[in-house]
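Subject: Handover of a structure for your study

Dear colleague,

Please find below the structure that I am handing over to you.

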Amino acid sequence: MSFPWASQYEPQNPLMKWVDEKLPLPRLVYNAVGAGYPVPRNLNYMYNFGVLAGFCLVLQIITGVILAMHYAPNALVAFSSTEHIMRDVNWGWLLRYMHANGASFFFLVLYMHIFRGFYYGSYKAPREMIWLLGVVIFLLCMATAFMGYVLPWGQMSFWGAKVITGLFGAIPLVGEPLQIWLLGGYAPDNAALNRFFSLHFLLPFVIAGVVILHIWALHIPGSTNPTGIEVKKESDTLPFHPYYTAKDGFGLGVFLILYCLFVFFMPNALGHPDNYIEANPLSTPALIVPEWYFYPFYAILRAFTFDFILPAKLWGVLAMFASILLWFFLPWLDKSPVRSSRYRPLYRKFFWVLMADLALLFYLGGAHAEEPYIMLSQLATAYYFLHFLVIVPIVSSIERPAPLPYSITEAVLGKDDDATLDAQAAAKA
Amino acid sequence: MAETTGTATPDTVVQDASDDGVRRRDFINVAAVSAAGIGGLAVIYPFVSQMAPSADVLAESTTEVDISAIEQGQAIKAVFRKQPLFVRRLTPQEIKEANDVPVASLRDPQTLAERTKEGHEDILVTMGVCTHLGCVPLGAADGETRGEFGGYFCPCHGSVFDTAARIRKGPAPTNLEIPDYEFTSDTVIVVGQS
C-alpha cells in the first residue's frame, strides 16, 4: 500500500510494542499521515484541499451534534428553537454560525478539491475509484446540506424543501406520489421536517464512511502531483510527516482566518435574510434561490423553459442531475494518457473556459428568472455539457502534449542523473 | 536508487541560529504548535459552556410565592427551577414537636430556627426533593400520608421527615434542602435569591 522506501513503524517503548501487537492503530496512523507515507515532493497548495475537506467534515459533525442538543425538529417549535439557540444557549450563536458558514466553506473547499482534480487529471487511471468515491461524497454532501438548510424552518427553508422535493414530481407517472411520499404529506410539514432532521444527522456519518474508502483508495497508488507523472524513486517523495503536516497546517491556518472572518464579522453574508422569517406555506419569498453553493446546478435546472418531446420541467431535472452524474464518466471521457494540464496546452485552455462557464452559472443561479439571465443560462448550460461530452474526448485525441520530464525529481531540480540512457542501462544491468 | 538527487547535505544547510543559540526553525515550531494548542483549548470553552443552563432556564431561576392563603397545618406545592417546592405553615403543636427533639440525636443536626427565617418560624420552605435519590416526598397535598413524624414521607425508599423536614428514619442522608429565599413582604417570599 506504499512505496518500498517508506519508513517502517518501529515502536521503541515496550507499551507501544504491546499495543502494536494487539491493535496496530498507531501503525495505521503512522502509515497514513505519518513518516510512513511517502508523498510526491512537488505538491502545491491546491493539494491542501483534501485535508481541509476532512477538517470541515469533522467541524460540521462536532458543531452539528452540539446544535442537535438544543434544536427541536418539530414544525411548531423548530423556528423558535433556532432562535433559542441564537439568543439563549451559551455560545449558541457561535455554534450556529460556525455550522452554517462551515457548510459554505465545506463546499468552497470541495469545489477547489474537484477543480484541482479537473486540472491535474486526478481522475485518470489508476485513480478512477478515488474519483468515483469523491463524486459519491459530493452528492451525499449536497443532500446533507439541503436537508440541513430546511431545519431552521424559515421561509427559505420551507420553500427550498418544497422546490427540491418538487424536482421529484417531474418524474413521469410516479413523480407526484413519490413527492408526496418523500414529504409525508402534500407540502413540507412536521413529517418532512422530522425525517430531514433524522437523515441530516445520519448522512454525515455515511459521508465519513465513504471518506475512509476514498482515502483507502488514495493510499494504494498515492497522490497524483502537479506534473502528473508517477513517483519513480525515493527522491521523488517526501514523508507526509513532517513535510505535509506542516504544509497542510499552514493551509489550515489560512483557511481558519478566512472562516473566522465570516463567522465573526459577516456571519449572515452567505445566507438569505428571508430565512429569519418563519415558514409560511401561504407566501413565497420574491427571490427563491438555494444557498450559493448550489447556484450552478440551479441555473442548469432553470435553463429549460420549453417542452421538447419531454416536458421542460423534466428536462431541467434530468439536466441538473446529469451535470453531476457526468463526472462519474470523466475518467473514460478523457482518454489522454497525460494527466496534468501543465503538459496539455489545449486542454488547459478549455479548463479555464469551463471555469469561466461555471463562474457564469454561479452568477446566473442567484439571479432572477428573467431575461437576459434565462438565455445566458441556456448557453452556459449547453457549453457545460459540450465541454464534458464533446470537447474533452476530442481534445484528448487530437492534442499534442508538451514533453514530460523524466521524473518528479527532474521537474523539481531541473536535472535527474537517472534520466540518461547510460544510467538506465546500468539500472537494468 | 539509493543515490538520491538534490537532497540537501548538512554542510549546505544554513544553521540560522541567533546569538543565544535558539534555532529559528525550533522557535517557529514551538510557536506554531503552541498557537494551535492554545487555539484548540480556547475553542473547547464554548463547546463545554453550551451545556450549562441557557438564558431562558436562568430566567426561570427565581419563583415568587404568595403565602397569605396557607392556613395553619396546610402545605402547598410550588415549582422552583422545575422542581417541587413545599411551603408549609406549621401549627404550634408541630413547632413544639420539632423543638422538643434533642438536636444532637439527629442524623443532620439542625434546629427549626436554623431552618426558618427569623420572625417567620411557622413558615417552613423546603425543596420537595428527597435527599436520598430525588423522589417527591408525600405530605404536602391534602390526604397524603405525612409519615410517623408528622412531616413528610418519601414512598420510594421510605425516608421519614419530621415537622421541620429533618430526616428521622430511612436512607436519606440529610434534611430536605432549604433553598435560598427571602420575605419581600409579610405574605410574599421570593425563592432563588437571598
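In the second largest pocket, α9(A) contributes the most to the lining, namely eight residues. A pocket here is an open set of points on a 1 Å grid over the protein atoms alone, with protein on both sides within 12 Å along at least five of seven lines; a cavity is a set of points where a 1.4 Å probe fits but cannot get out, and lining residues have an atom within 4 Å of a point. Helices (H or I, at least four residues) and strands (E, at least two) are DSSP runs, numbered from the N terminus.

Please note that this is a predicted model, in which local features need pLDDT of at least 70 and side-chain atom pairs count only at pLDDT 80 or more, while totals for chains, interfaces and linings use all residues. Residues are numbered from 1 along each chain as its sequence is written, chains are lettered from A and ligands numbered from 1 in the order in which they are written, and side-chain values use heavy atoms, with hydrogens and water left out.

The second largest pocket holds about 1,300 Å³ of space, a volume being the space filled by probe spheres set on grid points joined across faces, edges and corners. Its lining has 49 residues, and Gly50(A), Val211(A), His214(A), Ile215(A) and Leu218(A) lie nearest the centre. By class, this lining has 33 nonpolar, 12 polar and four charged residues. Ala, Val, Leu, Ile, Met, Phe, Trp, Tyr, Cys and Pro count as nonpolar, Asp, Glu, Lys and Arg as charged, and the others, Gly among them, as polar.

The rule finds one cavity of 30 Å³ or more, and the largest cavity has a volume of about 40 Å³. Among the residues that line this cavity are Tyr111(A), Phe115(A) and Trp327(A). The lining comprises eight nonpolar, no polar and no charged residues.

Turning to the interface, 22 residues of chain A are in contact (heavy atoms within 4.5 Å) with 15 residues of chain B. The two chains bury about 1,500 Å² between them, 65% of it on carbon and sulfur atoms; buried area is the accessible area (1.4 Å probe) that two parts lose on being put together, summed over both. On the side of chain A, Asp88(A), Asn90(A) and Trp91(A) lose the most area to chain B.

With kind regards
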